Amino acid sequence: MKIAALIVAAGRGTRAGPGAPKQWRPLAGRRVVDWTLAAFDRPDIAARALVIHPDDRAEAAGLDVQLIDGGATRSESVRNGLEALADQEFDAVLIHDVARPCVPAAVVDAVIAALHRSPGAAPALAVTDALWTGAAARVTGTRDRDGLYRAQTPQGFRFDAILAAHRAHRDEAADDVAVARAFGLDVAITQGAEENLKITLPADFARAETLLKGAAMRIGTGYDVHQFCEGAHVMLCGVAVPHARGLKGHSDADVGMHALTDAIYGALARGDIGQHFPPSDPQWKGAESHIFLRHAVDLAAEMGYALGNADITLICERPKVGPHATAMRAALADIMGCDMDQVSVKATTSEKLGFTGREEGIAAQASVLLVRA
Ligand code: MG
């Protein structure tokens, strides 16, 4: 599929405070427009075009993209952009607001993937807050949030379909999905992201700056202990290892997986297992620990990080871990959706010293490195 990215940057953005229009303002060492264009500089996007206000030609000089003059309204600007691209035989176009410079690659990936199945696809987040109506700083009513979404961009379409839709739609529209739907096009909803914020108000610059300056790597450590109890096996790193005893715990007591999960939460500075899955909550009684690990990995992805590597040490006299280490690495890699060579599981005894030496329980420690996705 030959895909174009059409970045709409013709607005004046008066709500973002005094000064140059927001797209030309500095943000984390570059300009807003530079970050946004960079997000679409990818091998699966054949061309990038920028719709600008005719007064902004000087600001746009030197950008290595096709420049198109915008119109009086956003819809007109998009239409101008589509017309300018019309003879270049694109199969699809991603229409994106320049004011969303932090768009994660995964959001763009999902829109492109959905375009193989649907004439339109756009990212959104389900509304999770309660909704009120209000007037004069007083609540006047509530609204049902079921089925409500916060729309984001890029909004992707089959090229010919959205061009025809824009040619047929001469009124101003909220966004390109509205234009597409007015033309009868089906639009799939794909996963949006909180980081994909739209810079609208002055305070949004600081938020975007924090996101864009986010560390390239984050490191975390975890430690956990579980006591032996009666039983015939112990769960260690996702593998049921036969043993004369079991491990006591609120969940399945997988001490290795708990240490690893805490290391990920630690790297993200997002608390620990106990905060996300309180032992006081009966719904986690006997829970399989892969639920916790998957949650931590998903949270990392939401914050823009993927696993670099993880290293886990199990500390016990028995059972012997070595014969099961490969199966443990495979189980953890499967849960985390990574390769086995990103996961190490090793073991040590404590020379019969201390509680692990006396075989009262098993301890585990883990280190992880998260890398920016
Ligand atoms: Mg534990």
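Helix α8 lies across β13, β16, β17 and β19 and runs at about 155° to β13. Here contact means heavy atoms within 4.5 Å. Axes are lines fitted to C-alpha atoms, for helices over the stretch in contact, and angles run from 0 to 180 degrees between N-to-C directions. Helices (H or I, at least four residues) and strands (E, at least two) are DSSP runs, numbered from the N terminus. The model is predicted: local features need pLDDT of at least 70, side-chain atom pairs count only at pLDDT 80 or more, and totals for chains, interfaces and linings use all residues. Residues are numbered from 1 along each chain as its sequence is written, and side-chain values use heavy atoms, with hydrogens and water left out.

The open sheet has 5 strands in the order β16-β13-β19-β17-β18, with mixed pairing. Two strands pair if DSSP finds at least two bridges between them. The edge strands, β16 (245-247) and β18 (343-348), each pair on one side only. On average, neighbouring strands of this sheet are turned by 25° against each other, direction ignored. Strands β17 (residues 305-315) and β19 (residues 361-372) run antiparallel and are joined by 10 bridges. Ala306 stands opposite Val371 in β19.

A magnesium ion has three protein donors: Asp224 (OD), His226 (NE2) and His258 (ND1), lying 2.1 to 2.3 Å from the ion. Donors are N, O and S atoms within 2.8 Å of the metal (3.2 Å for Na, K and Ca); water is not among the atoms, so sites may look incomplete. Along the chain, the donors follow the spacing D-x1-H-x31-H. Asp224 in strand β13 (residues 217-230) and His258 in helix α8 (residues 255-268) are 34 residues apart, and the pair links distant parts of the chain. Both Asp224 and His258 are buried (under 20% relative accessible area, with exposed over 50% and partly exposed in between; 1.4 Å probe, protein chains only).

In helix α4 (residues 105-115), the buried residues are Val107, Val108, Val111, Ile112, Ala114 and Leu115. Seen down the axis of α4, these residues fall within an arc of 165°, so they line one face of the helix. The arc is that of the directions from the helix axis to the C-beta atoms. The buried residues of α4 pack against β1 (3-9), β6 (92-97), β7 (120-126), β11 (155-158) and β12 (187-191).

The disulfide count is 0, a disulfide being a pair of cysteine sulfur atoms within 2.5 Å. The sulfur of Cys237 is 10 Å from the closest cysteine sulfur, in Cys316, too far for a bond. Cys237 is buried, with a relative accessible area of 0%. Cys316 is also buried, at 5%.
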